[in-house]
Amino acid sequence: IMNGDESAAIAAQGMLAGDGTGLSNVGSAGSLNFSISEKSAVAGDVLEKEKINVVITFNNNHSNTVKLPGTASLANGDIVSVKFNDANLGSTKSCEIAASGSDVVSIDGSSTIRIDSPFAAMDLVYLGVINSSGSFAIL
(Lines give C-alpha, C1' and ligand atoms only; values in the text may rest on other atoms or scores of the structure.)
Protein backbone atom coordinates (compact mmCIF):
# COMPACT_ATOMS: atom_id res chain seq x y z
CA ILE A 1 0.00 0.00 0.00
CA MET A 2 1.49 3.37 -0.98
CA ASN A 3 1.30 6.59 0.97
CA GLY A 4 -0.30 9.70 -0.54
CA ASP A 5 2.81 11.15 -2.20
CA GLU A 6 4.06 7.71 -3.36
CA SER A 7 7.36 8.10 -1.47
CA ALA A 8 6.92 4.92 0.58
CA ALA A 9 5.12 1.59 0.45
CA ILE A 10 4.25 -1.07 2.99
CA ALA A 11 3.28 -4.70 2.59
CA ALA A 12 -0.40 -5.45 3.17
CA GLN A 13 -1.77 -8.29 5.26
CA GLY A 14 -5.10 -10.06 5.42
CA MET A 15 -6.31 -12.57 8.01
CA LEU A 16 -7.55 -16.06 7.18
CA ALA A 17 -10.74 -17.62 8.42
CA GLY A 18 -9.78 -21.26 9.02
CA ASP A 19 -6.37 -22.92 9.26
CA GLY A 20 -4.96 -21.92 5.83
CA THR A 21 -3.85 -25.48 5.07
CA GLY A 22 -2.22 -25.68 1.64
CA LEU A 23 -1.94 -21.93 1.08
CA SER A 24 1.36 -20.25 0.23
CA ASN A 25 2.66 -16.94 1.63
CA VAL A 26 0.98 -17.59 4.96
CA GLY A 27 2.74 -15.82 7.82
CA SER A 28 2.44 -16.23 11.56
CA ALA A 29 -1.04 -16.32 13.05
CA GLY A 30 -2.55 -17.11 9.63
CA SER A 31 -1.87 -13.74 7.98
CA LEU A 32 -1.35 -13.58 4.20
CA ASN A 33 1.83 -11.79 3.16
CA PHE A 34 1.86 -10.07 -0.23
CA SER A 35 4.58 -7.57 -1.04
CA ILE A 36 4.28 -4.53 -3.33
CA SER A 37 5.65 -4.77 -6.89
CA GLU A 38 5.68 -1.54 -8.93
CA LYS A 39 4.89 -1.98 -12.65
CA SER A 40 5.00 0.14 -15.81
CA ALA A 41 2.25 0.01 -18.44
CA VAL A 42 4.61 1.91 -20.78
CA ALA A 43 7.12 -0.96 -20.69
CA GLY A 44 4.40 -3.64 -20.82
CA ASP A 45 5.58 -5.18 -17.54
CA VAL A 46 4.52 -8.69 -16.54
CA LEU A 47 2.35 -8.90 -13.42
CA GLU A 48 3.45 -11.26 -10.65
CA LYS A 49 1.42 -13.82 -8.73
CA GLU A 50 1.19 -13.52 -4.95
CA LYS A 51 2.16 -9.83 -4.98
CA ILE A 52 0.22 -6.58 -5.07
CA ASN A 53 1.13 -5.26 -8.53
CA VAL A 54 0.81 -1.45 -8.50
CA VAL A 55 0.87 0.01 -12.01
CA ILE A 56 2.37 3.49 -11.62
CA THR A 57 3.69 4.46 -15.07
CA PHE A 58 1.35 5.17 -18.02
CA ASN A 59 1.51 6.76 -21.48
CA ASN A 60 -0.78 9.78 -21.88
CA ASN A 61 -2.98 7.87 -24.32
CA HIS A 62 -4.83 4.59 -24.65
CA SER A 63 -1.86 2.36 -25.59
CA ASN A 64 -0.92 1.06 -22.13
CA THR A 65 -0.54 -2.68 -21.45
CA VAL A 66 0.45 -4.96 -18.60
CA LYS A 67 0.76 -8.71 -19.08
CA LEU A 68 -0.34 -11.71 -17.10
CA PRO A 69 2.32 -14.10 -15.84
CA GLY A 70 3.04 -17.04 -18.15
CA THR A 71 0.53 -19.82 -17.52
CA ALA A 72 3.33 -22.41 -17.27
CA SER A 73 4.38 -20.71 -14.01
CA LEU A 74 0.88 -20.78 -12.50
CA ALA A 75 -1.06 -23.36 -10.50
CA ASN A 76 -4.84 -23.52 -10.16
CA GLY A 77 -5.91 -20.98 -7.54
CA ASP A 78 -2.92 -18.63 -7.92
CA ILE A 79 -3.95 -15.00 -7.49
CA VAL A 80 -2.69 -12.00 -9.47
CA SER A 81 -3.59 -8.74 -7.68
CA VAL A 82 -3.32 -5.47 -9.56
CA LYS A 83 -3.94 -1.81 -8.64
CA PHE A 84 -3.90 0.95 -11.29
CA ASN A 85 -2.58 4.08 -9.61
CA ASP A 86 -3.78 6.86 -11.93
CA ALA A 87 -6.60 9.39 -11.59
CA ASN A 88 -6.86 9.87 -15.38
CA LEU A 89 -7.74 6.32 -16.39
CA GLY A 90 -10.86 6.54 -18.48
CA SER A 91 -10.52 10.22 -19.40
CA THR A 92 -7.12 10.51 -21.12
CA LYS A 93 -5.68 7.02 -20.53
CA SER A 94 -6.59 3.35 -20.43
CA CYS A 95 -4.68 0.16 -19.74
CA GLU A 96 -5.12 -3.33 -21.16
CA ILE A 97 -4.37 -6.60 -19.37
CA ALA A 98 -3.20 -9.18 -21.91
CA ALA A 99 -1.38 -12.51 -22.20
CA SER A 100 2.40 -12.84 -21.97
CA GLY A 101 4.30 -13.96 -25.06
CA SER A 102 2.58 -16.74 -26.98
CA ASP A 103 0.19 -17.67 -24.14
CA VAL A 104 -3.50 -17.93 -24.98
CA VAL A 105 -5.62 -16.72 -22.09
CA SER A 106 -9.23 -16.07 -21.23
CA ILE A 107 -10.19 -13.48 -18.61
CA ASP A 108 -13.86 -14.03 -17.80
CA GLY A 109 -14.28 -15.14 -21.43
CA SER A 110 -12.25 -12.37 -23.12
CA SER A 111 -8.69 -12.53 -24.42
CA THR A 112 -7.92 -9.08 -22.91
CA ILE A 113 -9.61 -6.62 -20.59
CA ARG A 114 -9.39 -2.83 -20.74
CA ILE A 115 -9.24 -0.76 -17.57
CA ASP A 116 -10.91 2.65 -17.84
CA SER A 117 -11.61 3.44 -14.18
CA PRO A 118 -9.44 5.74 -12.06
CA PHE A 119 -7.55 3.84 -9.33
CA ALA A 120 -9.15 0.51 -10.34
CA ALA A 121 -8.04 -2.62 -8.49
CA MET A 122 -8.80 -6.29 -9.01
CA ASP A 123 -7.76 -9.81 -8.22
CA LEU A 124 -7.52 -12.39 -10.99
CA VAL A 125 -7.56 -16.05 -9.97
CA TYR A 126 -6.04 -18.66 -12.27
CA LEU A 127 -8.49 -21.49 -12.96
CA GLY A 128 -6.19 -23.68 -15.06
CA VAL A 129 -6.40 -24.60 -18.73
CA ILE A 130 -9.99 -24.63 -20.01
CA ASN A 131 -10.76 -25.12 -23.72
CA SER A 132 -7.05 -24.82 -24.62
CA SER A 133 -6.52 -21.46 -22.93
CA GLY A 134 -5.25 -20.41 -19.52
CA SER A 135 -8.38 -19.18 -17.79
CA PHE A 136 -8.64 -16.40 -15.22
CA ALA A 137 -11.68 -15.19 -13.28
CA ILE A 138 -12.05 -11.65 -11.93
CA LEU A 139 -12.83 -11.60 -8.21
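Is strand β10 (residues 133–138) mostly covered or mostly uncovered? Mostly covered: five of the six residues in β10 are buried. Keep in mind that what you are looking at is a predicted model.

Strands of a sheet pair through backbone hydrogen bonds, either parallel or antiparallel. With β7 (residues 105–107), strand β10 pairs in the parallel sense, over three bridges. To find the spot by eye, look for V105, which stands opposite G134 in β10.

The other partner to look at is β9 (residues 121–130), which runs antiparallel to β10 and is joined to β10 by six bridges. Here L124 sits across from I138 in β10. Strands β9 and β10 form a hairpin with two residues between the strands, and in that hairpin N131 takes a positive phi near 50°.

Now for another part of the model. Strands β4, β6 and β8 make up an open sheet of three strands, in the order β4-β6-β8, with mixed pairing. At the edges are β4 (64–67) and β8 (113–115), each pairing on one side only. From one strand to the next, the twist averages 30°. Within this sheet, β6 (residues 95–98) and β8 run antiparallel and are joined by three bridges. C95 is the residue that stands opposite I115 in β8.

Here are the strand pairs side by side:

| Strand pair | Sense | Bridges |
|---|---|---|
| β7 and β10 | parallel | three bridges |
| β9 and β10 | antiparallel | six bridges |
| β6 and β8 | antiparallel | three bridges |

Note on methods
Residues are numbered from 1 along each chain as its sequence is written. This is a predicted model: local features need pLDDT of at least 70, side-chain atom pairs count only at pLDDT 80 or more; totals for chains, interfaces and linings use all residues. Side-chain values use heavy atoms; hydrogens and water are left out. Buried means under 20% relative accessible area, exposed over 50%, partly exposed in between (1.4 Å probe, protein chains only). Helices (H or I, at least four residues) and strands (E, at least two) are DSSP runs, numbered from the N terminus. Two strands pair if DSSP finds at least two bridges between them. Axes are lines fitted to C-alpha atoms, for helices over the stretch in contact, and angles run from 0 to 180 degrees between N-to-C directions.
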